[in-house]
There are 2 protein chains.
Amino acid sequence: MLKRGYSALGVQDLLDEARVTKGSFYHHFGSKEAFALAVIDAYQANVHTVLDAVLADRSVPPLQRVRRFFTAVGEAYQSEGYLGCLLGGLGQELSGTSEVFRLKIDGCVAAIASRLALCLEEARVRGELPATLDPGAAADIIVNAWEGAALRSRLLRSGRPLTAVVDFCLSGMSAH
Amino acid sequence: MLKRGYSALGVQDLLDEARVTKGSFYHHFGSKEAFALAVIDAYQANVHTVLDAVLADRSVPPLQRVRRFFTAVGEAYQSEGYLGCLLGGLGQELSGTSEVFRLKIDGCVAAIASRLALCLEEARVRGELPATLDPGAAADIIVNAWEGAALRSRLLRSGRPLTAVVDFCLSGMSAH
């Protein structure tokens, strides 16, 4: 789904790849849409596992934890051959016509941003970010900018846009 | 195509909407892929028309011209109901499986960035950006970040992510 998108991926392709029967697929998922929503849930659970592991480590300064999160996600993209972010891919493809996917995916992106906002707030309190910085707004900016860099990394099949945007955002926030 | 994406848009839908015959469509475009590439060319020509109009106005300081470009694009998104960027949408959907679209769309994004880089270089020479700033790298960052904000604006059906990312990028560059 990350590689081919939603519409171009037939249920039969999934059945062939997973070696399951059509009956089994529809028994578990009911529809291709329900399957894609379950894929998004699994993807998002994985992102939260990374967030849990990286953000919980209080021995690391908060901005460093934010950087570590994006580094870990970038390494996952690399292992997949730089195909970008599933939330970004399905969000682009489906949110023009499906309110279900639009709201689902925006909720996933917002949830990631709100976890990063807690680290940015911690950095603000520690004096590592300007006192006037709005952590929620700043987290939205970095997550959104990351999504664009993920698209460009997919276009270029390279991790360079990812590291460039994280470096820029973190140093830009510190300097504001 | 912006709303529904590529795969979910049937040629018959296009024929119905444009009230042309299948014979006429295939006479002009040969294939759905060729049609989509022509749509990208038309979209990109439009972007360059905006770039020409905004960047050529030397009575406006260069960073202000960059801002005006993104404001104009954001206004176009608004007029479409915030469906984001066609290059980002088709780039996400198709670049995982099509080298033709991957290279085409990356070329379009890179061309936009290189035009903005000229303004950033002008700002650098005028002392409005740090002397050490790499205009090409900075233009890539702002264009990539914009693409992510365009995705979020599509998810939220709102222009807020667009203005937030431009404000952040332009002030972040100035402060570096």
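Arg4(B) and Asp13(B) form a salt bridge, with their closest N and O atoms 3.0 Å apart. The term covers a side-chain nitrogen of Lys or Arg within 4 Å of a carboxyl oxygen of Asp or Glu. Arg4(B) is partly exposed at 32% relative accessibility. Asp13(B) is also partly exposed, with a relative accessible area of 29%. Partly exposed lies between buried, under 20% relative accessible area, and exposed, over 50% (1.4 Å probe, protein chains only).

This is a predicted model: local features need pLDDT of at least 70, side-chain atom pairs count only at pLDDT 80 or more, and totals for chains, interfaces and linings use all residues. Residues are numbered from 1 along each chain as its sequence is written, chains are lettered from A and ligands numbered from 1 in the order in which they are written, and side-chain values use heavy atoms, leaving out hydrogens and water.

Stay with chain B. Lys104(B) and Asp41(B) meet through their side chains in a salt bridge of 2.5 Å, N to O. Lys104(B) belongs to helix α6 (residues 99-125) and Asp41(B) to helix α3 (residues 32-55) of chain B, so the pair ties together parts that are 63 residues apart in sequence. Helices here are DSSP runs (H or I, at least four residues), numbered from the N terminus. Lys104(B) is partly exposed, at a relative accessible area of 26%. For Asp41(B), also partly exposed, the value is 41%.

Now chain A. Arg67(A) forms a salt bridge with Asp167(A); the closest N and O atoms are 2.6 Å apart. Arg67(A) sits in helix α4 (residues 62-79) and Asp167(A) in helix α8 (residues 160-175) of chain A, so this pair ties together parts 100 residues apart in sequence. Arg67(A) has a relative accessible area of 29% and is partly exposed. Asp167(A) counts as partly exposed too, at 38%. Elsewhere, a network of salt bridges links Arg58(A), Arg65(A) and Glu122(A). Over all chains, the whole structure holds 22 salt bridges.

Next, the rings. In chain A, ring pairs join Phe25(A), Tyr26(A), Phe29(A) and Phe35(A) into a cluster.

Charges also meet rings. The charged end of Lys32(A) sits over the ring of Tyr6(A), 4.4 Å from its centre. That requires NZ of Lys or CZ of Arg within 6 Å of the ring centre and within 35 degrees of the ring normal. In chain B, Lys32(B) lies over the face of Tyr6(B), at 4.4 Å from the ring centre.

Terms used: Helices (H or I, at least four residues) and strands (E, at least two) are DSSP runs, numbered from the N terminus. Rings of Phe, Tyr and Trp (its six-membered ring) pair if their centres lie within 6.5 Å; planes under 30 degrees apart count as stacked, over 60 as edge-to-face and the rest as tilted.
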